[in-house]
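User: Could you walk me through this model, starting with whatever terms I need?
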Amino acid sequence: MRKNDSLIAFLAFAMYFLTGAACIVVGSGLPHLVKMYDMQLDQVVLLGSAYAFGRVLTVYTTGRLVEKLGPVKVLAGGVTLIAVFLFGLPTIANYYAGLFFAALGGIGMGAQDTVCPVLLSVAFRKNYAGSLSAGQALFGLGSFATPFLVGVLLANGRFFYYAYYILLIVPAVMLICMPFVKLDMKEHVQNQEQNVKPIHVKHK
């Protein structure tokens, strides 16, 4: 694998991990968010709904943006929104601000749906299906990481939301790496068209 392809693969896999970690943020810290906001559980759980709603909003628009701006720019926007969510949710202890940040996180997660498969198709031309499975595995690992970090921090007398700040390392590294990625989608599409093999049908 070429260096550029390795970097593209890293961004895709890191995004799977990041979205897995971010989507479980509200659930893993729900009892502590109730205390932080000093509100009832039935209100705080709406943070999860706000996150899901934000993702739903991107179902159609993300694909269009990838076609117009390219996958790397859309990925940068998605990663930035998730970073704002991870930083803003514990930093500004306001319920309505939390809803806003959760919606931003959901919008950011929407970038994964379109961008990651495109990036993996570039980096793994011969074993694309396997790379998708690896991405889903990393998504699951991210979902494991957040509650694990919260548990370790609480066991050591630390604030639960320190876990969210630790997770900010992932988007920071991704954003640093993005300017070094070279991705020509027109060339990639042409290569895909050239690699399409005709199907020969045998007549009896």
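Analyst: A nonpolar core is a set of buried Ala, Val, Leu, Ile, Met, Phe, Trp, Tyr and Cys residues joined through side-chain atoms within 4.5 Å, where buried means under 20% relative accessible area with a 1.4 Å probe, protein chains only. This is a predicted model, in which local features need pLDDT of at least 70 and side-chain atom pairs count only at pLDDT 80 or more, while totals for chains, interfaces and linings use all residues. Residues are numbered from 1 along each chain as its sequence is written, and side-chain values use heavy atoms, with hydrogens and water left out.

User: Ok, which residues touch the most other members of the largest nonpolar core?
Analyst: Met15, Leu75, Phe85, Leu86 and Met174 do, out of the 64 residues in that core.

User: And what does Leu86 touch?
Analyst: Leaving aside residues up to four places away in sequence, Leu86 touches Leu18, Val25, Tyr164, Leu167 and Leu168, contact meaning heavy atoms within 4.5 Å.

User: Switching topic, how many helices and strands are there?
Analyst: The chain has twelve helices and zero strands, taken as DSSP runs numbered from the N terminus (helices H or I, at least four residues; strands E, at least two).

User: How do helix 6 and helix 7 cross?
Analyst: The axes of helix 6 (residues 58-69) and helix 7 (residues 71-91), which are lines fitted to C-alpha atoms over the stretch in contact, with angles from 0 to 180 degrees between N-to-C directions, come within 7 Å and cross at roughly 130°.

User: Which residues meet there?
Analyst: Thr62, Leu65, Val66 and Leu69 of helix 6 meet Pro71, Lys73 and Val74 of helix 7.

How values were computed:
Buried < 20%, exposed > 50% of the residue type's maximum accessible area, 1.4 Å probe, protein only.
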